[in-house]
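Student: I am new to this structure. Please take me through one part of it closely, residue by residue.

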Amino acid sequence: MEEENVLSFQFITILSFVAVASAGLLPLQQEYHAAPVVPTTTVVKTVAPVAYAHAKPVLVKHEAHYDDHPQYNYNYDVNDEHTGDVHSQTEERDGDVVRGEYSLIDADGFRRVVQYTVDPHSGFNAIVNRYPLDHVKTVVKQVAPITLVKQYPQPQAYHQHH
């Protein structure tokens, strides 16, 4: 029984080495050549181990450009007749002051317009106005009526006669 355990241990050990070598975790086996047998001189040839060099990443410090007076402006409009999505925005920045406005159509048929400003002294301030729309396009999809309660036949009373 003990001999069987030793053999299975050796078998598992050999299989482990084969698996590790096939996975590339161990370097390939080096080749050795037998020296010719010469009675007066013995020469042994060996192969030096291979050294692997891995390139290290070069770290370069990126000098970030700091704009002490940033400026930009942008705007966009969306008017999708298929979905009824209508909204827009415009914004501009001059240094630490940002001004903008955006609008959208709320689900209740009002147009919401938000005008905002941001500056270091006052922070964020917004004025919100809502305007009713007379010609709101409501998208309603017609569906077949749904029966919410299933109708079952009336139960019949069973009378027992004694």
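Tutor: This is a predicted model. Start with the surroundings of Gln89. Leaving out residues up to four places away in sequence, Gln89 touches Tyr74, Asn75, Tyr76, Glu101, Tyr102 and Tyr116. Gln89 itself is found in strand β2, which covers residues 85-94. Is Gln89 buried or exposed? Its relative accessibility is 18%. Buried means under 20%, so Gln89 counts as buried.

Now look at the side chain of Gln89. Which side chains does it join by polar contacts? One partner is Tyr74, with a polar contact of 3.2 Å between the two side chains. Another is Tyr116, where the side-chain polar contact is 3.1 Å.

Follow Tyr74 next. Tyr74 has a relative accessible area of 34%, so Tyr74 is partly exposed. Tyr116 is buried, with a relative accessible area of 8%.

Both tyrosines lead on to the aromatic rings. How many aromatic pairs are there? The count comes to 3. One of them is Tyr72 with Tyr74: the ring centres are 6.3 Å apart and the planes meet at 20°, so this pair is stacked. Tyr72 is partly exposed, at 34% relative accessibility.

Turn to Tyr102 and Tyr116. Their ring centres lie 6.3 Å apart and their planes are at 50°, so this pair is tilted. Tyr102 is partly exposed, at 30% relative accessibility. Tyr102 and Tyr116 also belong to one aromatic cluster with Phe124.

Strand β3 spans 97-105 and strand β4 spans 110-119; Asp106 is placed in the loop between the two. Why does Asp106 count as buried? Its relative accessibility is 12%, and the cut-off for buried is under 20%. Which residues does Asp106 contact, neighbours within four places in sequence aside? They are Arg112 and Arg130. With Arg112 there is a polar contact between the two side chains, at 2.7 Å.

Now put the pieces together. Gln89 is in strand β2, and its side chain has polar contacts with those of Tyr74 and Tyr116. Tyr74 stacks with Tyr72.

Technical notes:
Residues numbered from 1 in each chain as written. Predicted model: local features only at pLDDT ≥ 70, side-chain atom pairs only at ≥ 80, totals over all residues. Heavy atoms only, no water. Helix = DSSP H or I, 4+ residues; strand = E, 2+ residues; numbered from the N terminus. Buried < 20%, exposed > 50% of the residue type's maximum accessible area, 1.4 Å probe, protein only. Polar contact = N/O pair within 3.5 Å; in protein donor to acceptor, adjacent residues only side chain to side chain. Contact = heavy atoms within 4.5 Å. Phe/Tyr/Trp six-rings, centres within 6.5 Å; stacked < 30°, edge-to-face > 60°.
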